[in-house]
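This report describes selected parts of one structure, beginning with a helix and ending with aromatic side chains. Please view the sequence and the model together while reading.

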Amino acid sequence: MEEELKCPVCGSLFKDPILLPCSHNVCLACARNITVQTPEGETPVQSRASGSSDYDYLDMDKMSLYSETDSGYGSYTPCQLKSPNGVRVFPPANPHRHCSLTCPLCHRSVSLDERGLRGFPRNRLLEAIVSRYQQNRAASASSSSSSSSSSSSTAVKCQLCDRNPVDAAVMCEQCDVFYCNACQQRCHPSRGPLAKHRLVPPRLPAAGGGAAGGGGSGQQPPATARKPATCVDHEAENFSMYCYGCKAPVCVKCLEEGKHAKHDVKPLAVMWKQHKCQLSQALNGVSDKAKDAKEFLVQLKNMLQQIQENGVEFEACLVAQCDSLIEALTRQKAKLLTKVTKEKEYKLKVVRDQITHCTMKLRQTTGMMEFCLEVLKENDPSGFLQISDALVKRVTSSQDQWVKGALEPKVGPEFDLTLSTDSLLQTILMLDFCQGKDVQEKPLLKQMQAADSGEAEMETDSPGVESGPSVPGAPLLQLEKCCTRNNSATLAWRVIAPPGSPIEGYILELDDGNGGQYREVYVGKETVCTVDGLHFNSSYNARVKAYNGIGVGPYSKTVVLKTSDVAWFTFDPSTAHRDIVLSNENQTVSCNSYDDRVVLGTAAFSKGTHYWEVSIDRYDNHPDPAFGVARINTMKDMMLGKDDKAWAMYVDNNRSWFMHNNSHTNRAEGGIAKGSTVGVLLDLTKHTLTFYINREQHGPIAFESLDGVFVPAVSLNRNVQVTLLTGLEVPKNTKQ
């Protein structure tokens, strides 16, 4: 309340406050300081409440341009001093000139008449409240600094006892008089007009009051009852009526003079009671709001405590969840290191065994060569002929042992292990808090484990509970729409978008068909996707997840896709040499060049058994086309098999050869003609490649130890035209 009792000019408690027409109050002395002179004939600006924080001195400064000869008065310069509240203070006004006063709160100006500041009513009520507030504050300070014994000796005395006043028992707030019990019953009974007076326990007087009044006892002089307010114009008359038009109390003389003849005038007591009732009703409404505000403050303070407790608990939970993730990653790292160690040990064992075997064979061969050289040095023809046949057979047999495959390492130095961490790293970088309460209540570790295993469950909100924006749930794969055809797979899914957060896209992932790491194959907004270029006779694991602006949701349940056992494919125009001509829906191929050109198939094989045939539609001038398999990056401008990325059989009308890395082996009699068929059997279970002519195996097994990814391949020139036949069964008359 203290702020309500301070003057806006000096910043101290009101002293002799006067009431301005705008209903604001200032001290009488401060009013004199802020009164300014105005030129004759001018009226002050009635309102300066334009949003500025101080007086608008622009108009006042313009007044200084009036000269003494023009206006009849000397120019002035406003004082640059300011009050504690930031209000500028001006020198006292000259009473012989027109003056105005500007309210320091609302900046509304008012002219002073001939009465000057006496024309403003004195706010006796505010003055009484300030006085009572000062007494209460002084009493509180005195009681807090005095002991119980000293306080009993300086107790407030009754002000109506004739002799030897006793301690006061009550004080009337309206009369401002202290009574003992006897005097109160005799002089201030609680009945009649005094029944409405409020009696309160007596308060100690202000410190130092007694010294001011003499006697040295430290007791404040007795307070006297306030005199009734008198009219400003008729000082001998008390206020008895209230004018509605002027919004001010008036006396009987004012009414007799006719100043308020046309105004609505009512008795002062009636209006006093009516306005007090209105103020009480307004206070009831404010009191209810204050009560609500107090309860709200209690709620906020309790929330502070809850936030502190929940923050500590959530931090501990977050640390535990992250530690669990780190522990799981550490365990997985140990497993992966074990796999790498096993792979390394396996490669080392294979190489060591091959070194031992090759060393032994080399020692045997070297010993036999040295022995043969010694035999050649002998000059005994009969003895030489006696052992020469056996030696020739041994040398020939030893030469046959050193086939090309025996001088090639069985394993390579590279590790065929690829650790794909991109998707996991992306998930870790996207690890964040979700706004939805339903997602927050699910532990972070459980979300990560569910997303990693692909077994996340669909989350549903409890009925009647609203949740904020959240990440999408796990999509549901529609198995009735998922299918495979040849070496492609089609997947379809659906998911319900969380409220307030539309789904921005989906991420589809497949493994490598061997239970290896997942890889992203599609990112987009569609809910149906077809993936081409898969391996034949393979099982793929597929899963999908959705994402929005909040984050990435969990994976769907994993679905297993089985590609076709039989290869259905065509020639690939995108990888063929520019001289190759394709027709018959890319199943028939011919060439515009006399040089051999290569064309590949659209299928890729890494495991399983696959068989296809090529029919000879045209065969002129006995060319030698080649048929077989190759890597995707084999040379396209030379015969198939001349580089190290192709394995082929080239054949003319009489004989054939197997060729790899420009090495010709295993000549076989028998050729092709128009109408013949050439079959290719790729068995990646046994890692072998075998050829057929007219469904009869041609020659031995052409190549062994094949491993990796292979595509069908053909090379031919302009003298040959062939057509691809796929989806065939493997011939049964395979040589063992």
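## Helix α10

In α10, the buried residues (under 20% relative accessible area, where exposed is over 50% and partly exposed in between, with a 1.4 Å probe and protein chains only) are Ser388, Leu391 and Ser398. Among the elements that cover them is α9 (268-377), where contact means heavy atoms within 4.5 Å. The model is predicted: local features need pLDDT of at least 70 and side-chain atom pairs pLDDT 80 or more, while totals for chains, interfaces and linings use all residues. Residues are numbered from 1 along each chain as its sequence is written, and side-chain values use heavy atoms, without hydrogens and water.

Helix α10 covers residues 381-401, and its 21 residues should span 30 Å at 1.5 Å a residue; the end C-alpha atoms are 29 Å apart, which agrees. The expected span is 1.5 Å times one less than the number of residues. Helices (H or I, at least four residues) and strands (E, at least two) are DSSP runs, numbered from the N terminus. At Ser388, α10 bends by about 40 degrees; this bend is the angle between axes fitted to the seven residues ending there and the seven starting there.

## A three-stranded sheet

An open sheet is formed by three strands in the order β7-β6-β8, with antiparallel pairing. The edges are β7 (177-179) and β8 (199-200); each has a single partner strand, so one side of each has no neighbour in the sheet. Two strands pair if DSSP finds at least two bridges between them.

Strand β6 (residues 170-172) is joined to β7 by three bridges. Across this pairing, Cys172 stands opposite Val177 of β7.

## Aromatic pairs

The whole structure holds nine aromatic pairs. Rings of Phe, Tyr and Trp (its six-membered ring) pair if their centres lie within 6.5 Å; planes under 30 degrees apart are stacked, over 60 edge-to-face and the rest tilted. Phe569 and Trp612 are edge-to-face, because their ring centres are 5.8 Å apart and their planes at 80 degrees. Phe569 is in the loop between β19 (559-562) and β20 (580-583) and Trp612 is in strand β23 (residues 609-619), so the pair ties together parts 43 residues apart in sequence. Both residues are buried, and Phe569, Phe605 and Trp612 form one aromatic cluster.

Phe658 and Phe691 are a stacked pair, 5.7 Å centre to centre with 25 degrees between the planes. Phe658 is buried, as is Phe691.
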